[in-house]
Amino acid sequence: MSNFKFTILTAIAVGLIAATTAQAGNTDFEGFTVDTSVHNQGGWTVADSFGNAVLGGGWPSGTAYDQEVVDDGTGNTVWRFSNAVTTTQLSNQPNATQAPLIAGETGANLYNDYGPNHVTPFNPPQANGVAASKYFHVGWDFKSATGAAQTGLAINVSPAGSQSTLRNSYLRMEDTGSGFDLQFLDTTGTTFPTPTVIASGLNYSDWHSVDMYVEFVDGIGPGAPGSESGNDIVKVFLDGSLIHTGTTWESYFYNVADSGPSGVPRAVNTAVFYARGSMGAAVPSTNGFGLFIDNVVVSNAVAIPEPASFALIGLASVGLTLFRPRRK
């Protein structure tokens, strides 16, 4: 059983939190089969919608992401992921459970690369679902799987459409040799997003809790970080404290059309955890190690920047509030 606690105000809240947590897509990995891939466990996927996976015998042939469900050595079941193997793909990277509602601004759609029969690809990607919420949240806990430096270790997280080739926003956990940095990539609207270090020196032995909240705002803003004049707003919390306010990549996609249909708002319904070749070469020395990841939450939620020790979540899908699990 994962070692976390809830703040519970009343006995009634216990039942409401339990029901809401299930709908929100909580994953503490308890009950998952250990020493196996997270694929097809608890709503997670590590394959695209055609079933193409980066597994032994998959595509590219003979490669496999270095990820598995494991015991972290304390009796706690977690997910382990490294960048010992990377590809430039997104749709078959590890995709978390889905939020109850598709999130995006008015008229935004999910986009993916498959046809209605999951056999004939669409190029460019086509619409596959309309946004029903303005809010999206993904939260997770992480720590080093070794408790020591792992040169070249870096794992990225992005809100995205499930098994999609497109993502919208980006956070990176990178081992610097003296701790972990958190990097967030903002865009000016016409330039490719560039990284900003928003936290540094996070130690290897402790668990760190990260929450990314997105408020989708109708219209295309100028793209400056923190802009509220149209461009979507992203808030990043570390251990319950707000550390960065930025934007999604919507203005860049609109102005530059990096991939997919130009000028069409993009919706999201999950988070992709990825080790991607274009953001750094594979690091074979991390094989069997990397990060431990736990308590992954994917929901439709509004960020509230207090209290400091908990991230309060208002779930748009059910109109309730709850506290995300936090480690003691």
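Visitor: Which residue in strand 16 does Trp 79 stand opposite?
Guide: Trp 79 stands opposite Ile 293. Before we go on, a word on the source: this is a predicted model, in which local features need pLDDT of at least 70 and side-chain atom pairs count only at pLDDT 80 or more, while totals for chains, interfaces and linings use all residues. Residues are numbered from 1 along each chain as its sequence is written, and side-chain values use heavy atoms, with hydrogens and water left out.

Visitor: What makes strand 4 and strand 16 a pair?
Guide: Two strands pair if DSSP finds at least two bridges between them. Strand 4 and strand 16 are joined by three bridges and run antiparallel, so they meet that rule. Strands here are DSSP runs of E with at least two residues, helices are runs of H or I with at least four, and both are numbered from the N terminus. On that basis the protein has two helices and 20 strands.

Visitor: Which other strands pair with strand 16?
Guide: Strand 7 (residues 135-144) is joined to strand 16 by seven bridges, again antiparallel. There, Val 138 has Val 298 as its bridge partner. Strand 2 (residues 26-27) also pairs with strand 16 in the antiparallel sense, over two bridges, and Asn 26 stands opposite Val 297.

Visitor: Why is strand 16 called mostly covered?
Guide: Buried means under 20% relative accessible area, exposed means over 50%, and partly exposed lies in between, with a 1.4 Å probe and protein chains only. In strand 16 (residues 291-299), nine of the nine residues are buried. Across the protein, buried residues make up 54% of the 328 residues.

Visitor: Why is Gly 73 called exposed?
Guide: Its relative accessible area is 68%, and the cut-off for exposed is over 50%, so Gly 73 qualifies. Gly 73 is found in the loop between strand 3 (67-71) and strand 4 (77-81). Those two strands form a hairpin with five residues between them, and Gly 73 in the turn has a positive phi of about 100 degrees. Strand 3 and strand 4 pair in the antiparallel sense over five bridges, with Val 70 and Val 78 as bridge partners.

Visitor: What makes Tyr 170 and Tyr 274 an edge-to-face pair?
Guide: Their ring centres are 6.2 Å apart and their planes are at 75 degrees, so the pair is edge-to-face. This pair links distant parts of the chain: Tyr 170 is in the loop between strand 8 (154-160) and strand 9 (171-175), Tyr 274 is in strand 15 (residues 270-274), and they are 104 residues apart. Tyr 170 and Tyr 274 are both buried.

Visitor: What makes the largest nonpolar core a core?
Guide: A nonpolar core is a set of buried Ala, Val, Leu, Ile, Met, Phe, Trp, Tyr and Cys residues joined through side-chain atoms within 4.5 Å. The largest has 43 residues, and those with the most contacts inside it are Trp 140, Phe 142, Leu 171, Leu 182 and Phe 273. A second, separate core of nine residues includes Leu 90, Ala 160, Leu 185 and Tyr 274.

Key
Rings of Phe, Tyr and Trp (its six-membered ring) pair if their centres lie within 6.5 Å; planes under 30 degrees apart count as stacked, over 60 as edge-to-face and the rest as tilted.
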